[in-house]
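This report covers a single structure, shown below.

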Amino acid sequence: MVLKIKKYPDPILRKKCQEVKEVTEEIKNLCRDMIETLVENQGIGLAAPQVGELKRIIVVQTEKEPEVFLNPKILKKSRETILIEEGCLSFPNLFPKIKRAKEVEIKVLDPKGKTIQIKAKGLAACVFQHEIDHLDGILFIDHVRVGRRIWELLKFYKRGKK
Ligand code: ZN
C-alpha cells in the first residue's frame, strides 16, 4: 500500500522515533508499504516519520533495490565531507546543497532481526545521514546556514501555493 507522505511543516517531522524492539507482522507490513511508497514517489530515501510512524525505520534506495534498515545508528563519520544537492519527499521541489560526511559506518538491524554493520560512501552515505536525521526530528534544512535557510523556505512555500 502506498502511504501518504507528510509534508513540512507537519509537526510529526520534528518528533523523535522509538527503536524497533521486535520485527512483528505490523513492522514487516510497514516496511513493505514504505518501500512501495518510496518507489511510487521515485525517491532514494524515506524515513518512517515521513509516513506518520514514529519508529526507527528507514528505506534507502541503494544501487539496485530499495532496502529497509531498522534502528540505524551511525558509528563513525569520515572527516572528509561532500557537498551535494539533496531532495526530500517532505519538501517537494526543494534541492539545497548540503555538506555531509563522505563516508559513514552504520549499525543496523536487518529485517530478520540480526545486527549488521555497513559502510556507505558518496551519495549513499548522504542518504543514510539524511534519513537517520529524520529519526531524531532533524531535517535537511537544519544543515543549511540560517540566511540561506530562510531563502530556501520562502522558495518552498511559494511553490507550495501553486
Ligand atoms: Zn527527507
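## Salt bridges

Asp142 is partly exposed, with 26% relative accessible area. The model is a predicted one. Arg14 is itself partly exposed, at 42% relative accessibility.

The structure holds 12 salt bridges. Three of them are set out here, including the one just described.

| Pair | N to O distance |
|---|---|
| Glu26 and Lys55 | 3.9 Å |
| Lys102 and Glu80 | 3.2 Å |

The side chains of Glu26 and Lys55 form a salt bridge. This pair links helix 1, where Glu26 lies, to the loop between strand 1 and strand 2, which holds Lys55, 29 residues apart. Glu26 is exposed, at 54% relative accessibility.

Lys102 and Glu80 also meet in a salt bridge. Lys102 belongs to the loop between strand 5 (97-101) and strand 6 (103-109), and Glu80 to the loop between strand 3 and strand 4 (81-85), 22 residues apart. Lys102 is partly exposed at 30%, and Glu80 is partly exposed at 46%.

Lys16, Arg56 and Asp136 are joined in a network of salt bridges. Arg56 is also among the contacts of Asn71, a residue of strand 3 (residues 66-77). Asn71 is buried, with a relative accessible area of 11%.

## Zinc site and cysteines

The zinc ion has Cys88 (SG), His130 (NE2) and His134 (NE2) as its protein donors, at 2.0 to 2.2 Å. Their spacing in sequence is C-x41-H-x3-H. Both histidines lie in helix 2 (residues 123-134), four residues apart, or about one turn of the helix. His130 and His134 are both buried, and Cys88 is buried at 9% relative accessibility.

The number of disulfides is zero. For Cys31, the closest cysteine sulfur is that of Cys17, 13 Å away, and therefore too far for a bond. Cys31 is buried, at 10% relative accessible area.

## Helix 1

Cys31 is one of the buried residues of helix 1, along with Ile27, Leu30, Asp33, Met34, Thr37 and Leu38. These buried residues pack against strand 1 (45-47), strand 2 (57-61) and strand 3. Helix 1 (residues 25-40) has 16 residues and reaches 22 Å from first C-alpha to last, close to the 22 Å expected. Gln42 follows helix 1 and has a positive phi, near 50°.

Terms used. Residues are numbered from 1 along each chain as its sequence is written. This is a predicted model: local features need pLDDT of at least 70, side-chain atom pairs count only at pLDDT 80 or more; totals for chains, interfaces and linings use all residues. Side-chain values use heavy atoms; hydrogens and water are left out. Helices (H or I, at least four residues) and strands (E, at least two) are DSSP runs, numbered from the N terminus. Buried means under 20% relative accessible area, exposed over 50%, partly exposed in between (1.4 Å probe, protein chains only). Contact means heavy atoms within 4.5 Å. The expected span of a helix is 1.5 Å times one less than its number of residues. Donors are N, O and S atoms within 2.8 Å of the metal (3.2 Å for Na, K and Ca); water is not among the atoms, so sites may look incomplete. A disulfide is a pair of cysteine sulfur atoms within 2.5 Å. A salt bridge is a side-chain nitrogen of Lys or Arg within 4 Å of a carboxyl oxygen of Asp or Glu. Lists of a residue's contacts leave out its neighbours within four places in sequence.
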